[in-house]
Amino acid sequence: MLNISDERNARRALLLGVAASAVLTGMVWLLGQRLHGIRLLPDQGASWYYWKLPEPTVWTRASAWLGYAAHQAALWGLIYYAQTRVRRYTSGLHPVNVAALAVNFGFVLLHTLQTHLFYDGLAQDVSIFSSQGSVVLLLVAVLLMENRRRGLFLGRPAPIGERVTDFVRRYHGYLFGWAAVYTFWYHPMEATSGHLIGFFYMFLLLLQGSLFLTRAHTGRWWTFTLEAMVAVHGTLVAVAASGPGGAWPMFLFGFLGVFVVTQMHGLGLSAAARWLLAACYAVAVLVVYGVRGFGAVDEIVRIPVIEYLLVGVLAALVWAGLRAAGLARRRRPADVSQGGNR
């Protein structure tokens, strides 16, 4: 019998999950060749999502939304079960982790079948910015969660209260589960380079979401890899969309800027290593914009500025929600007492 509490099984599940993600991405590419005959409308600009049917039907819409809803409910249910029944981290796998891996794998296969039968994803009914925004929100929540451990600016933490950080750390699984599942079902399982990169990233996020309450889930280099992959994904998609002359440096140096300012300070690197990485970043910026022209160099700060501002916004919203909940709890006994005296 497999001893799922064995630490080696959590590590093995992570390694096998990464390999399975690569295999599933290959499956998307192979089967995607069947989709070349799908007729699509001409591209209409940055706010237009190209891969959706010109004439959707009730069935094409229902297949995507019902699949998404079932996947979302199943994953949230497993997270709730883990938080209320399991509630402890282990080095190995819990039975609920095995269930989560099976559920996510099953819904990957279901979405593959749904694409080839009905094609459309959620993109038919919601904005492209909602998909992009869900991933940005996930990254921003990670910055907030890790604020105490690695800081936000050059190893120094931002003044964010412990209650706010603890709340986000406790309930982040629901947010991350939504972001991954929503983005996964947003797209049909097409075989373009951008889709393949994105699906591989989504498979890794679903794998991470399946390993909650295990040490594998919190591995420093593994979680950093998931954060850093957005730089690879964003850059390659930008190159594929607009070529070498496009806006890819904004994504590459924007996300790498977050790495230099924040993420590398949580990896246990020496001061010398961090200075070397920062110098390499600066030299790369000088080389690239020396060729492209320094008139657009300000674009490299757009992504970091947006992410750090959103950290503040998210912290403020969580603080306000916790404050409102606390006031409501304090008022409730008085309301009950007054009601009993009438």
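Me: Which helix does Val-230 lie in?
Reply: Val-230 lies in helix α8, which covers residues 220-242. Keep in mind that this is a predicted model.

Me: Is Val-230 buried or exposed?
Reply: Val-230 is buried, because its relative accessibility is 9% and the cut-off for buried is under 20%.

Me: What does Val-230 touch, leaving out residues up to four places away in sequence?
Reply: Val-230 touches Leu-139, Tyr-201 and Phe-255.

Me: And how far is Val-230 from Leu-252?
Reply: They are 9.1 Å apart in space, C-alpha to C-alpha. In sequence, 22 residues separate Val-230 and Leu-252.

Me: New topic. Which residues touch the most other members in the largest nonpolar core?
Reply: Leu-144, Phe-184 and Phe-203 do. That core has 71 residues.

Me: What does Phe-203 touch, not counting residues up to four places away in sequence?
Reply: Its contacts are Ser-21, Leu-24, Thr-25, Val-28, Val-108, Phe-184 and Met-189.

Me: Now the surface. Which residues make the nonpolar patch?
Reply: Val-58, Trp-59, Leu-110, Leu-113, Leu-117 and Phe-118 make a patch of about 650 Å².

Me: Which elements give two or more residues to the nonpolar patch?
Reply: Helices α2 (58-86) and α3 (95-118). The most come from α3, with four residues.

Me: Where does Leu-113 lie, and why does it count as partly exposed?
Reply: Leu-113 lies in helix α3. It counts as partly exposed because its relative accessibility is 48%, and exposed means over 50%.

Terms used:
Residues numbered from 1 in each chain as written. Predicted model: local features only at pLDDT ≥ 70, side-chain atom pairs only at ≥ 80, totals over all residues. Heavy atoms only, no water. Core = buried A, V, L, I, M, F, W, Y, C linked by side-chain atoms within 4.5 Å. Buried < 20%, exposed > 50% of the residue type's maximum accessible area, 1.4 Å probe, protein only. Contact = heavy atoms within 4.5 Å. Patch = residues over 30% accessible without salt bridge, like charges linked within 9 Å, V, L, I, M, F, W, Y side chains within 5 Å. Areas by Shrake-Rupley, 256 points an atom, 1.4 Å probe, with all protein chains shown as cover. Salt bridge = Lys/Arg side-chain N within 4 Å of Asp/Glu carboxyl O.
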